[in-house]
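Subject: Handover of a structure and findings

Dear colleague,

Please find below the structure that I am handing over to you.

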Amino acid sequence: MKIAAVLVAAGTSSRMGGQNKMLLPWAESTVVSGSLNELANSNVSEIVVVTGRDAQKIEAEINRQQLTRTRTIYNPDFGKGLTTSIQTGIGAIKQADAVMVCMADMPLLQAQDYQWLIDQFSIQEKSIQVPYFGQQRANPVIFGQRHFQEILNHQSMNGCSGVVQQNPDLVVRVQVQTNRFIQDIDSPEDYQKLKDAFK
């Protein structure tokens with residue numbers, strides 16, 4: 001089964017006090033590079049990184065890593081909302097049985113975390129897989145190919161939760177064992193908290 005990944009790195013970072021969270025230092029590189037490196041070490045068939053704000057700088061970061069199976073695509077509508085970036089990424093997937101929608105502001109996620117989700121989806125009969133940490137919905141979510149067009153047609157701008165809600169019989173919940181699946185960067189305080197957790 002070919003499971004591709006869309007890595008969304010296109011947001012406006014509106015709560016970061018002017019900084020683009022994707023380009024903040026992380027380990028030996030940046031937040032976006034750290035997230036991409038871990039994702040690339042899983043068995044995804046291809047990775048489409050969707051850029052928006054500071055697209056050229058982010059693309060330069062990604063090109064510096066010289067990763068195979070990875071390419072970038074610019075979303076000119078990134079300011080309208082998350083959904084447009086997911087749609088841009090899915091529209092650029094060449095061939096896949098499913099797509100894992102990943103957020104580049106979750107640099108604590110490790111290759112083994114992504115791989116575990118891929119392995120779980122591969123043995124499911126359902127076509128949407130949503131991770132949960134306890135009662136809290138987590139990321140990334142995997143959508144089977146049958147939902148690609150539905151996502152491309154989706155009108156709500158806050159992501160694909162509406163697609164999940166519209167297909168309750170096709171959704172499987174998987175329980176994850178680490179809070180890495182719910183740790184993202186929205187504010188400078190989040191960034192500091194994740195940096196402290198990473199040490």
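Predicted model: local features only at pLDDT ≥ 70, side-chain atom pairs only at ≥ 80, totals over all residues.

I begin with helices H1 and H2. Helix H1 spans residues 31-40 and helix H2 spans residues 55-65; their axes come within 10 Å and cross at roughly 40°. The crossing of H1 past H2 is right-handed. On the H1 side the contact involves Val32, Ser33, Leu36 and Asn37, which meet Ile58, Glu61, Ile62 and Gln65 of H2.

Leu36, a residue of helix H1, deserves a separate paragraph. Its relative accessibility is 0%, and because buried means under 20%, Leu36 counts as buried. Leaving aside residues up to four places away in sequence, Leu36 touches Leu7, Ile47, Val49, Ile62, Gln65, Leu67 and Thr70. Leu36 and Thr68 are separated by 32 residues in sequence, while their C-alpha atoms lie 12 Å apart in space.

Helix H3, residues 82-92, is mostly covered, with nine of its 11 residues buried. The buried residues of H3 are Thr83, Thr84, Ser85, Ile86, Gln87, Thr88, Gly89, Ile90 and Ala92. Which elements cover them? The cover includes strands S1 (3-9), S4 (47-51), S5 (70-74) and S6 (98-103), together with helix H5 (148-153).

Finally, I turn to the nonpolar cores. The largest nonpolar core holds 55 residues, and within it Leu7, Leu39, Ile47, Val99, Met100 and Phe143 touch the most other members. Strand S1 supplies the largest share of this core, with seven residues. Another core, of eight residues, lies apart from the largest one; among its members are Met16, Ile185, Tyr191 and Leu194. As for Val99, its contacts beyond four places in sequence are with Ala4, Ala5, Val6, Ile90, Ile93, Val141, Ile142, Phe143 and Phe148. One of these contacts, Ile90, is also among the buried residues of H3.

Yours sincerely

Methods: Residues numbered from 1 in each chain as written. Heavy atoms only, no water. Buried < 20%, exposed > 50% of the residue type's maximum accessible area, 1.4 Å probe, protein only. Helix = DSSP H or I, 4+ residues; strand = E, 2+ residues; numbered from the N terminus. Contact = heavy atoms within 4.5 Å. Core = buried A, V, L, I, M, F, W, Y, C linked by side-chain atoms within 4.5 Å. Axes fitted to C-alpha atoms, helices over the stretch in contact; angles between N-to-C directions. Left-handed = near helix turned anticlockwise from the far one by under 90°.
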